[in-house]
Each structure stands twice: as C-alpha cells, then as structure tokens.
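I opened this notebook to record what I looked up in the structure, one topic per entry.

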Amino acid sequence: MPISGMVALAIGALYFLVPVFATIKFSVEQGHAGFGLQAYRQIFDDPQFRHTLWFSVQLALETTVVTMALMVPTVYWVHLRLPKIRAAVEAVTILPFVVPPIVLVVGLFDFFKSFSPDWLLQDFVFSPKFLVCAYVVLSLPFVYRALDAGIRAVDIQTLTEAAESLGASRSRTLFRVILPNLREAVLAACLLTFVIVLGEFTIASIALYQTFPVYITTIGSAQAYPAAALTVISVGLTFVAAAIFLVLGRIGLRKRRTALAAGMTSVAPAAVAKLGEA
Amino acid sequence: MGPEGTGAVTLSSIVAERVDTVAAPGPLPRARRRAPLAWLGAAPFFVYASLFLLLPAGDVLLGAFRSEQGDWTTANVRQLFHAEYLHAFENSIRISIYSAVVGGLVGALICYAALHPGAPRWVRTVFTAFAAVASQFGGVPLAFFFISSIGTLGVVTQFLKDWMGIDIYAHGVTVFGFWGVFLAYVYFQIPLMLLVLAPAVDGLRAEWREASESLGADALTYWRSVGIPVLAPSFLGAMVLLFGNAFAAQATAYALTSGGYNIVPLEITNVLNGNVVSDPHFGQALALGMIVVIAIAVLIYLPLQRRAARWMT
Amino acid sequence: MPHLELQDLRKQFGTHTALGGVSVSLAEGEFLSLLGPSGCGKTTALRIIAGFLQPDSGRIVIAGEDVTSRAPNRRDIGMVFQAYSLFPNMTAAQNVAFGLKVRKWPSAKRDARVGELLEIVGLSHAVDRYPHQLSGGMQQRVALARALAIEPRVLLLDEPLSALDALVRVQLREEIRRVQTQLGITTVYVTHDQEEALSVSDRVAVMYGGGIEQLGSPAEIYGAPATRFVAEFIGTMNRLESRVAESEGGAVDINGAIVQVDAVRGRPAGQDVLLLLRPESITLETLNGKPPAPGGLAGEVTAQSFLGAITRLKIAAENGSELIANVPSTGAQAFNVAQRVVVRFPSDSARVLDV
C-alpha cells in the first residue's frame, strides 16, 4: 500500500480512536482523587440502569420478533409469486429515509390520537406496544435489505421447485429447505433490529418512555463521569453484539450446508410415500 | 448503539440492486395462475406499512395545513419562513452539507485505501465491520466521545492547551455548539460513506488500472481519465445520502446541546416537548419542511445512482 | 537476435513455485502460445513480461534491452485482458485513443490512427459506442485495437477469448491471428484451450507446474509429444503400456500381442515403454468369422459416440487393452457395439515414451 494510503488510514484511526480512549479516561477519573471505577460502580448500583436496560432489551426482542414475522414470509412470497410487486415493496422500504424518526413520531401520535377509539388509545397507543410498532417501521429498510440479499443468493425458485417435485408441501419447503439457507440473512436482520432498538432515542424520548438511551441521556445531562462510564458500557455492548453475530454467522456457515442436506433428505421420504400411494 | 444512519445504506444498495436486476434478466416467469389471490400474501406488509408509515406521513403532510381549530390554513407553513425557523433550516442544511462534504471526502479516501483492488483481506474486513457499527452511532454515547475529547476538560483540549498553548475555547470553539455537532456528525458520516461507496470501489476493476499502465499512463493520468470519472456519480450520490442522513439526525445534537442548537429536528423536539408555545400543528409544518428537503435530496440522488450503476455492470 | 527473451524466470508465492526457471526466445513477428491447465504458471509468466509482477530471478529482454526492472507503463507493450478492461466512461474511439493521448500524439494523427485500427478489427461502425453497448466479442476487438494503436514492440494476450461464446471464439481467434500477421507484431498468447493454441500459433509452449513441458510447432506438439503430460493434455491419445519385443525390426509386446512399431528400433529388448497412438491413426477391420492376419489387435467395440464428422469408438482388445479409434461417420454403421474388429495402425504412426 502506498504511503499516502497508510497515512490516510492512520489519521482515520486516530480520529476514531482518540475519542474512545478519551471517554475511557473520563470514565475512570475521580476528579482530583486519581483514577478508579467509582463511576462504573455508581451505574451498576443504580436500579434505573437495570430497569431501563431490561426494558430496552425487551423492546428489542419484541421488535425483532414482530419484524421477522412480518418480513420473512413477505420477502419469500414476493420473491416467489409476486416479482412485480417488488418495486412497490422496495419503494416502501425507502420511505423511512424520507420520513425520519423525528417526523415519524409526530405523524404516528397525531394520526392515532385523531383516529383511534378510546379503548385502542388506552390499551395500545399509550402502551409500549405502540413503541414496538414504530420500531418495526424503523428497522424495515435494514431487515428487508438483509433478507432480500439472502434470498437472492439462494435461488428460491429452483429450490422450491426441486422440493415440490420431490413431494414436499409448501410449509415443509419453507421450514426445512428455504429457512436454513436464509439463516445468515435472518441473523443479520435480527442483529440490526436489535442494535437499532437498543440505541433509539428520538421516538422513545418524545413518547416519554424510559428506555436505555433515554436513561443515558438523563444521566448525561446531569453527571459527567457516570455518563462517560455509561458510554463505555453502551459501546462495549454494541461490539459484543456485533461479535456475537460474527461468531454465529461463522458457525452458521458449517451448519448451513448440513442443514440444506438434511432439509432435502427430510423431503425425500415424502416423495417415497407419494410413490407408494401411486 | 445508534439512532442515526439507517436509511441511507439501505437506499443506496436497493437502488443499485434494482439496476442490476434490470440489466441481467432472471429466469423465465411462471405462468400466472391464481394471480389475484397471490396479492393477499403481500397484504400484511402493505397494511402494516400503511398504518404505521404511510398514513402517519400523510397525516403530517396534511396536518401542516390545519389549524388548532380544525380548519385549513397556511399559517403554520408560513411561519416556517420566519427568521428563527428559516435560520433553523439554514443551520440544518449548513451542518448537513459540511458534514457530508468532509465526511464524504475523508470517507472516500479511507474507503479506497481499505478496499482498493489489491488491499489485503484483513484490512477490508476490519474496516467494513467497524464502519457498520460506527455508522449507527449517535446520541449521548457519541456526544460523550466528543465531550471527553474537546469538552472544557477534554483530553484534546488539555493537550492543545498544555502542549501547544492553544485554548480553543478562547477562540470560540465549543463542543456544545456547531463544532461539537459537526465533529460528532462527521464521526458517523465517515463510516457511512465507507459503507455506501464500498460497492463502487469494489466495482473499480483492477484491469482498468493495469490496462492504463500498459498503455503508458501514470497514476495521475489514470485517476484523471478513468478512476475519478467512474467513481464520480457514486461519490456524489453517496454525499447526497450523507446530507439526508445528517439533516434527519436528532439524538446526537439533542444530547450535546439539550435541544438548544437551532436545527430543525431540535425545533420539532421543542414543539413536541412543550418547550415552545405554539400550535401543535406547527410541529407538523416543520416536519413537512423536513420531508420536502429530504425528498429533494432523494430526487437528486436517484439519477446519479442509476448512472453509476450503468458503469459498474 | 531474438526479439523477446524470457531468461530463466523464477517466481515463488510462499511455498508454491509458480515458475521454476522458464526460458523462451521469440523471433520478431512470432506468435507463441503459452498453453496449460490452471496453475501451470502461464499467466504468471505473462504478467512478468508485462511488468505487473516482478520475478524472483531471471530477466525479460526486448530487442536486446533488459526491461525486467522497468515499470509497466514504460515497456512499450500492448496487453489484452480476459474481460472488462475497456474504460467504461469512454467510447470505443476514446478507448483506442487513450494510449496515443498519453504519448501526446497530435489530434489529427491520433484520429487517423484510431480510425485505421477500428477498421482493421472491423468496428468502424461502432466508433462512438460505450463498452456497455458492445457485445463481449466487440469489446475484445476494441481492446485489441487499443493495444495495437500504440505500435507496441510486443503484444500480450491473457486468455482474451475465455469469456466469449464458442462461435465468437473461433471467429475472433482467426481475426487476431490475421491482424497479428498483417502488423508483424511479436505476440505471446496465454490460453488453456488447446484447439485455440494449436490453430493460431507459430509455436506452442505447453506448461505444467511452473515449467515448460515442450516447446514446438503445433504439429510437433500434437504428433510428437515429448512427455507423458503433453501426450495426455493434447487431444485424445491411446496410451498402451508395452515392452520392446524386437530391437532390430522394431516391435513391441502389448500384453501378449506383438505389433510392429518403428520407433522402438535400437532399444534393448525387454525395455518397458509407453506407446502413444492417436485415434485417427487406427484402421479397423471387421472380423466376421475368418481368422485375422497377424500384426493387429483383435477385440470388440464396446461404445460408439457420434461426434459429427467422425465417430469415436471404444474397443476392448483381447489382450486386455482399451483403445479409442476415430472412424468417418459415413462408414460407422459397420462398427456397432459388440462388433468384433481388428485394430491396426501404420508402424511409423506410433510414438514411444520412456516409462
């Protein structure tokens, strides 16, 4: 690599790493008392830390489940049966770029408040379930992207036809043949959703929910050192999440090949049975 | 973990892929049997999107033209043009352009350095993985990165003061205003640029450089005649995405300035939080303004990306 | 004086020997093909000539000048890549003009040369088209014109036809040869397709494992393979393990069957040799009850493959050998499966290799 390239990378590295170390240093400072983990202890002892983190994790899990339940069948179906609809679906997934969270939250609340009957307001709009629904919208673009790429890499049409010609039902095909191959894409989509929800501040704060990022911001405006500690913790959690994904993805690689083979062999007995009937 | 950056990567890759599929026709379509029923399969998605995205968006667009009493009015939209709010749009656009340009240029250089044909594999993996995580960054964590670095007691502030005799705060540079927001935005703009430009840099065929060399050209000539012209549409398109991304960002600026910095997302926040006395529909007018600006950016972006995709296949 | 010389080129990649001492000399205007399977080192050798790779040792000499340490853009070489090498942001004409612009040719002279070259490759009508508007074959023609426009001393082609359809490949290889002959440019052509190499080259270097197995004219490579690898790689070849039966007159013992082979004259009796025989050298006689005249191999047809002009037959001989024979398709009905036949071949048509 030429010198100019290395210099560019070095400067880039500096720009990105100095703040990290600066924050770590801040988080272990105790004013003039030297260094210590006081700030971290304070955070870990704070019940709000656990409550809000758990709340955010729950939201993240719920969002992930809803998004997957909505998008996996949709993407599969669109690829298999409705290729013409793809343009419309993609256009919809581009919309969240034009309607960013700060705008979305305005529209969501106003729309639902104006048009919902009371029971819906009480049980739904003013409950965390509503927040999950908003988060599903936020993660739509990424999830669609990951699943679409995954499905594209696996020739869905051919696999489905092969499975059906061997006698498999539609659901068996989906679960035993298609899904194992989408495992990496599904994992990526889940991780992205998780990370997005765990870090989402705008909508949560305006909707007045005490999520983890809202908690961080509250601490941040009041106490500097604990906030720095929280920053380190939060960044650390992100990297842990990313690392988990990388590991899962790599395990998935080996398992995926055997899963496909297994999926196909589970389909074959059905074919034999069918022949027996004939 | 992060609140900013989601839509941009998606937008660029979806458009690129669409042009790909147009250029390379897939397998023959199956016979259309039971076509109307097949639409039901896509219904849940469209119902959901309508309820939680399209209709709320429409509500914003329409609500901007309504008054508290319920009748149609342009008062809210006209208020957008008052000095204070015009400034908010100006500031938003200015910081979006600055962070897009700086983040874009630096990001492009780093992207090429890490991903050019012939770069070692590990460099590529490390940078892409880091960029994927860093592009999502925002809010308080990002704010604190910079408070720790260039805040009043920040590491860099102290370094400059003690070792170089420069007091940046005396020169009006503060982390709680333009500079803090700008540097923080650049922090996620650079990785975003790397991610969005990566496919284009990957599309730079090694054969072009080699052919150019075998024909007698030096590096400068290659870049001037081939490299830059080919990358230009993707690069410009990516910058537009970066612009939109910065324009829509809220969490980071909020964390740094507690809502005090005069940009559009924070003005909306103030209206919604009740910090500002005004017609609630004014928040929708502000949102309408945001949608208009971003929509213009997307309209500039689409033809650029199409041109870029044509050369990449 | 040879126009292009490769002198003892060596290149290691870690523990893998890409080139283990390759030397070749080309006369001016000669067309040499480097032929071999993937990994044999032919592309490595080509890239070293071009300057994109530095050899660990050895030299490249062009017209007496040692260019080994010169940068690729100062070797005055024209190169055609396998695919995708046209600059996408330029028209065909602009692509061809690129090298001339670099050399600061005045625009009138440049345009004339571009027109001339595009005419030579038959693309005068596509002057203003962009690469994405051209078919694969047309793109490679533009690439050829571009490489030739600068009047290079040497032309290098790296599997230029691999990415194209079969029919286009045959047409284009003949055109490349025609243009090359017309302009008299020393050319090195890398390919893994033996038919391609044999049909257009003055000489062929068959490569394997980083070395040259045999260097010779196409006829020599085909008719007189020097090593087992070349025999197996080029065309179809019957390989029969046998023993010298008679040293003076020249005969071998193939598992009991005695056959005349001139090539073993002078070899000690009892020596193990590998007999090489092309399928087209074999003549077949049908055996219908009468005992065969001596000197041939009796056997039975086990398989028949129609290949167009010829039909390929597999024969299981009584002595245990398996042979492949080509017969013209018009007479092939005499040799259906299970037909008993006698295999004969002229005594001077078989080659012999040491085992």
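This is a predicted model: local features need pLDDT of at least 70, side-chain atom pairs count only at pLDDT 80 or more; totals for chains, interfaces and linings use all residues.

Most residues other than glycine have a negative phi. I found that Glu159(C) has a positive phi, near 45°. I located Glu159(C) in the loop that runs between strand 7 (154-158) and helix 5 (166-183) of chain C. Is Glu159(C) buried or exposed? I recorded a relative accessible area of 11% for Glu159(C), so this residue counts as buried, the cut-off for that class being under 20%.

I then turned to Asp8(C), where phi is also positive, near 50°. Asp8(C) belongs to strand 1 of chain C, which covers residues 4-13.

I looked up the extent of the contact. On the side of chain B, 19 residues are in contact, and they meet 23 residues of chain C. The two chains bury about 2000 Å² between them, and carbon and sulfur atoms account for 65% of that area.

I next asked how many salt bridges the rule finds across this interface. It finds one. The partners are Glu210(B) and Arg47(C), whose closest N and O atoms lie 2.6 Å apart.

Which elements give two or more residues to the side of chain B that touches chain C? I listed helix 9 (206-214), helix 10 (219-248) and helix 13 (280-312) of chain B. Helix 9 of chain B supplies the largest share of that side, with seven residues.

I looked up a nonpolar patch and found one of about 510 Å². Its members are Ile93(B), Ile97(B), Tyr98(B), Val101(B), Val102(B), Leu105(B) and Val106(B). I followed up one of them, Leu105(B), which lies in helix 4 of chain B, residues 83-115. I recorded Leu105(B) as partly exposed because its relative accessibility is 46%, a value to be read against the range between 20% and 50% for that class.

Definitions and conventions
Residues are numbered from 1 along each chain as its sequence is written. Chains are lettered from A and ligands numbered from 1 in the order in which they are written. Side-chain values use heavy atoms; hydrogens and water are left out. Patches are made of residues with over 30% relative accessible area and no salt bridge: like charges are joined within 9 Å, nonpolar side chains (Val, Leu, Ile, Met, Phe, Trp, Tyr) within 5 Å. Accessible areas come from the Shrake-Rupley method with a 1.4 Å probe; for residues, only the protein chains shown count as cover. A salt bridge is a side-chain nitrogen of Lys or Arg within 4 Å of a carboxyl oxygen of Asp or Glu. Helices (H or I, at least four residues) and strands (E, at least two) are DSSP runs, numbered from the N terminus. Buried means under 20% relative accessible area, exposed over 50%, partly exposed in between (1.4 Å probe, protein chains only). Contact means heavy atoms within 4.5 Å. Buried area is the accessible area (1.4 Å probe) that two parts lose on being put together, summed over both.
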